[in-house]
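Hi,

Here is the structure I promised to pass on.

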Amino acid sequence: MKKVLLVLLVVAMVSSFFVGCKPKPQPVTLTIWHSWSGAELDVLNEAITEYQNQHPEITINQLQVPFDQLQNKYQTEAAAGGGPDILVGPADWIGNFAKANLIASLDSYFDAAFLADYVPGAIEQVKFNGSMMAFPESTECVALIYNKSLVQNLPKDTNELVTLVDSITQGDTYGFVYNSGFYFTAGYFFASGMKLFDSNNNAIVNQGDGGVKTLTFLKNLASDPKFIVANDYGKADSLFKEGKAAMIINGPWAVGDYVKALGDKVGVAPMPVFAETGNPFAPFVNTKDFFVNANINDTQKKAAADFIKFMVSKDVEQKFFEKAKHIPSNVKVDTSSDPIIGGFLEQMKTGVPMPIIPEMGAVWDPMQTAIDSVLASKATPQDAINTAETTIQDKINASRGQ
């Protein structure tokens, strides 16, 4: 009897020992690639430090890649079976990434209760063939960013814009440093009536006269010595921060650094109406998203999803809003009293959703070539837009194996 009691006592002691022990979390290392700099990078670093303090078993490695190289770098390395666990990029990358099976569906990681705290339009923007292929951190579009000490009365249309710029430009101060990149000036192509695709996602950029009208408008601006018109983001960015550009076109991601440089002189408003048609500037409206690499195993995917949940929490999105002027996807972040964010939200009212179909990837280079060739007097607007459509459609056909 004594032996039986002794055995039961030992079993009870051993059982109580294991009940009191929790499994030790296994160490996990996550790698994130992004193109953030300045105020955006400051917030990212702060968030990573906080997350690692909360989860000492998690190590976050990050790599900053210039934006114009980030997409190709990810495509190349992910296609070879590598790449980071998490990528930060815009929604228009989704189509090609999903088609090539380079990103994972996130449907099983974010339930309806979690998604209820996010802007419905932003969640819809990241769905491809019905699946959620990224998580939106913020929404964005380009708008008119101006220096209030140089611009007292905003131009209502592009005719008033030209008059205003001619009156401001003096010495080394320019009225408008106009970024002629297609992403930045697309709002005037759409204001002139140009469409990108038909119902079968084939190119139709030269149908109608919208493309010709906008290319002619850009050519006229470039011929005015009071404007700087160039596909040069860095130049426009630097001149504005130095107080030598009264107006530029840019997005919310840049405003944190502008406020740091110019303080309360920074204002944001919708771009002037396109006088030729009377239609408002209609920029792409896009989301900035977190992608999860399709190559990583389920444990890594779960860890990546947990980190993304932290990055899109109210507290972190509040910091991105306050310090980097991101327009949060989390509806719990109150932006109603911020005039800068209000300017972007006003511009979004006339914007168009960024297409995330794979065919969108065929548009960028041919449309940029059309703009550059007209500005360099190497092609007429009509010839340039005709060439753009042919090139876009050839690229689409090639991607379809036709």
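This is a predicted model: local features need pLDDT of at least 70, side-chain atom pairs count only at pLDDT 80 or more; totals for chains, interfaces and linings use all residues.

Residues are numbered from 1 along each chain as its sequence is written, and side-chain values use heavy atoms, with hydrogens and water left out.

Salt bridges to begin with. I count a side-chain nitrogen of Lys or Arg within 4 Å of a carboxyl oxygen of Asp or Glu, and that rule gives 16 salt bridges. Helices (H or I, at least four residues) and strands (E, at least two) are DSSP runs, numbered from the N terminus.

Take Asp-117 and Lys-332, whose side chains meet at 3.4 Å, N to O. Asp-117 sits in the loop between helix H5 (112-115) and helix H6 (120-125), and Lys-332 in the loop between strand S13 (327-328) and helix H14 (339-348), so this pair ties together parts that are 215 residues apart in sequence. Asp-117 is partly exposed, at 25% relative accessibility, and Lys-332 is partly exposed too, at 47%.

Glu-46 and Lys-323 form another salt bridge, at 3.0 Å, N to O. Here Glu-46 is in helix H2 (residues 38-54) and Lys-323 in helix H13 (residues 314-324), 277 residues apart. Relative accessible area is 30% for Glu-46 and 41% for Lys-323.

What about Lys-288 and Glu-140, buried or exposed? Both are buried, and their closest N and O atoms are 3.6 Å apart. Lys-288 belongs to strand S12 (residues 284-292) and Glu-140 to strand S6 (residues 135-140), 148 residues away in the chain. Elsewhere, shared partners join Glu-46, Glu-50, Lys-319 and Lys-323 into one salt-bridge network.

Now the nonpolar cores, meaning sets of buried Ala, Val, Leu, Ile, Met, Phe, Trp, Tyr and Cys residues joined through side-chain atoms within 4.5 Å. The largest has 77 residues, and those with the most contacts inside it include Phe-176, Leu-196 and Met-367. Helix H8 (residues 182-191) gives the most to this core, with eight residues. There is also a second, separate core of 55 residues, with Leu-70, Tyr-118, Phe-291 and Phe-307 among them.

Cheers

Technical notes
Buried means under 20% relative accessible area, exposed over 50%, partly exposed in between (1.4 Å probe, protein chains only).
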